[in-house]
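Subject: Structure handover and notes

Hi there,

Here is the structure I promised to pass on. Could you have a look at it alongside the notes below?

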Amino acid sequence: MTLFSSCEKDEKIIEITFPNSSTSQENGGAVENVDIPVIHKLPLLHTDGRYLVNEAGEHVNLHGFWQTNSPWFNGGARNNYQWNNYDVDACLNWNLKQIDDIIAAGWKVDFMRLHMDSYWSLARTRPWPTDRAEYEDYDEELFKKYLDEVFVPIVEHCISKGLYVLLKPGYDAPDCIGKGDNFYRVLYSQWKIMSSHPKLCNNMDVMFEILNEPRSIKDANGVVGGNDDSHNKALTEYMQSFVDLIRVNAKNIIWVPGTGYQSQYAGYAKYKINDDNYGFAVHCYPGWYGSDAEKESAELGGAWGGGFESFKSGWDAQITPAANIAPILITEMDWAPESYGKSWGKSVTGEAGGHGFGANFKWLVDNLGNAGYILFTDPWDLADFPKYGKENLATNYWNDPRGCPWQIYHWYKDYAEGRIQPASADDIVVGGVSDGKLSLQKGGSKFIIANAKNGTKISPVMTGTEITVADASVAEVKGNKLVALKSGKTKVTVKALGIETSFDVEVEAFNPFDFAKFNPNIWETGSFNQSTHELVTGQYGFGGWEYSPGIDISSYKKLVCVLGEGSDMSCSPSFRIFDGGGYWDGAYEASFTGGKAVINISGDMDKSTDNKPLGKKLDPTNITIVGIWTTGGKPIVIEDIYLE
């Protein structure tokens, strides 16, 4: 289908060809494949397979910030209201100035995610206080009014400043979504209005994100769930209905969310979205996908994860399958030490290949090659960066290299200059290597990732790293992994950006069940007696062994755990093993029969959570946790645990 534009003189006249796509009749009748005029003032973007591309066919990854437009989120929460009582002029004055100040502060951003806050479309008769969901008091006429008076002017201002705009409806998804329910009807109303609005429809500088953070969905049988086959199918059907609705009117790029607060996307590899100009809108915070966090996230839990290997495994399980189909845009992400009380995510930058969230996140995103992202830090904090983000000031939220503002301010500059890594470095640090030493178990492996340090800025080195091993009989390099072959010692040398560093490697005999390394607090607070091997978990708690990097048990036939005298079976102990997807991605579970649990190791091990199947298989080549779950408060004595 060829698209033409008949536009005002300050808008580009363009001609671009999109593949024809079928559109359902469900959302407004039959839709013919006809030429649809489009307009744009910024370089034209569209999707081509797994990439977002410009008019020249060059790959584009966007980097941006966000803004919302209610008085509560713009100062009210800090008792510093910037406007109230639906004062449109005051709202625009404040928000447009923020956009200008962020650009003036030197942030190299090229898009803004605009949260179309529900404040502007809530019925004025809404009871307060109330436990009613906001979408239940949606007023369509107010939405139309303030779309014109508030949101469209902000869109136009962003475009005039060289920013693409991503529009997100203001009502967050309820606990469960389903086609035809009340929330669906509200969302349907909003997208029907937006996709046909004369200043948004086919304005290719404007992109659409269908909704924010769906958690679970009803399948065809009315069962609530997510991330298994029936619910993945239902999710694609739900999102497809909105893609089809938008396509009745508009060819704008659409970004499709996943369930699990926008963390679950593997199902889209099987149940594909039928469209030619879309990508996936993903969220990512510390503690998600097995990543490291100082504090559990409010949505998905998860405290300190398993470093890079755990994060990568969870990322590959959920995000990579979608990235193999279409481009990725991470529309929420941030991190900072918990002590600042600012960023939503509580973690540190760390080093790619080792401990921490930020540097590992950057490596994973840049390694995909088709992912852009947003910094979810409050807009006024971005605007304040020139004031506080200076190296000669006392350490604060803006200049602390452990947090996101300092690192991303500089990463965005690299991206704007066409680089995914610095051109040079003051020093090279290998992630996960402490005091010049690395220990591995025979058969284990470790990603070797160089990090460039320039002052307090750290960036993973994505290309050009050389790795050599002094004794190739002890360990060998496969791609960017160091694989331990036999017990012994050797030296590994890493060269990147013209700088060389080396470290000692010791390969130990394979002993995954060292009771000295048993952790009774993997979930909830428990206790473990080193001499008697007695475990008492917290309520619904879990204790066991954690591995970073993960261990490979695929060459063994069985994993056996035997309980001894003194075990109180009334706490319903369950023997569980987890792969790189992390604790919250499910486990293979085995019950104790006669005091013994036996796991037959294969590539066909179904993962579940509390005996509820997840429709996913355990990866025996990357086991990250092994241990015992109980209802809590009762002793369990581990007599023996072994592989055979």
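What follows is a short tour of what was found, with the cut-offs given along the way.

First, the ground rules. This is a predicted model, in which local features need pLDDT of at least 70 and side-chain atom pairs count only at pLDDT 80 or more, while totals for chains, interfaces and linings use all residues. Residues are numbered from 1 along each chain as its sequence is written, and side-chain values use heavy atoms, with hydrogens and water left out.

**Confidence**

The average pLDDT (the predictor's confidence in each residue, from 0 to 100) is 90 for the chain, and 94% of the residues reach at least 70. Please treat the start with care: residues 1-34 have pLDDT below 50, and in the model this stretch has 82 contacts beyond near neighbours in sequence. A contact here means heavy atoms within 4.5 Å.

**Salt bridges**

The whole structure holds 29 salt bridges, each defined as a side-chain nitrogen of Lys or Arg within 4 Å of a carboxyl oxygen of Asp or Glu. In one of them, R126 pairs with D137, with the closest N and O atoms 2.5 Å apart. Both residues sit in the loop between β6 (111-117) and α2 (140-160), so this pair ties together parts that are eleven residues apart in sequence. Helices (H or I, at least four residues) and strands (E, at least two) are DSSP runs, numbered from the N terminus. R126 and D137 are both buried; buried means under 20% relative accessible area, exposed over 50%, and partly exposed in between (1.4 Å probe, protein chains only).

K607 and D579 make another salt bridge, at 2.9 Å from N to O. This one links distant parts of the chain, with K607 in strand β34 (residues 606-609) and D579 in strand β31 (residues 574-579), 28 residues apart. Both K607 and D579 are buried. There is also a network in which D414, E417, R419 and K457 are joined by salt bridges that share partners. E476 and K478 form a salt bridge as well, at 3.6 Å from N to O, and E476 counts as partly exposed because its relative accessibility is 28%.

**Inside**

Ten of the eleven residues of helix α8 (residues 358-368) are buried, among them F361, W363 and D366. After α8 comes G369, whose phi is positive, near 85°.

T377 falls in the loop between β15 (371-374) and α9 (379-383). At 2% relative accessibility, T377 counts as buried. Its side chain makes a polar contact of 3.1 Å with that of Y397; a polar contact is a pair of N or O atoms within 3.5 Å, where within protein one must be able to donate a hydrogen and the other to accept it, and residues adjacent in sequence count only if both atoms are side-chain atoms. Leaving aside residues up to four places away in sequence, T377 touches several residues, including W66, D334 and C404.

W72, in the loop between β5 (63-68) and α1 (88-104), is partly exposed because its relative accessible area is 44%. Together with F73 and Y81, W72 makes a nonpolar surface patch of about 340 Å². Patches are made of residues with over 30% relative accessible area and no salt bridge, joining like charges within 9 Å and nonpolar side chains (Val, Leu, Ile, Met, Phe, Trp, Tyr) within 5 Å. Accessible areas come from the Shrake-Rupley method with a 1.4 Å probe; for residues, only the protein chains shown count as cover.

Best wishes
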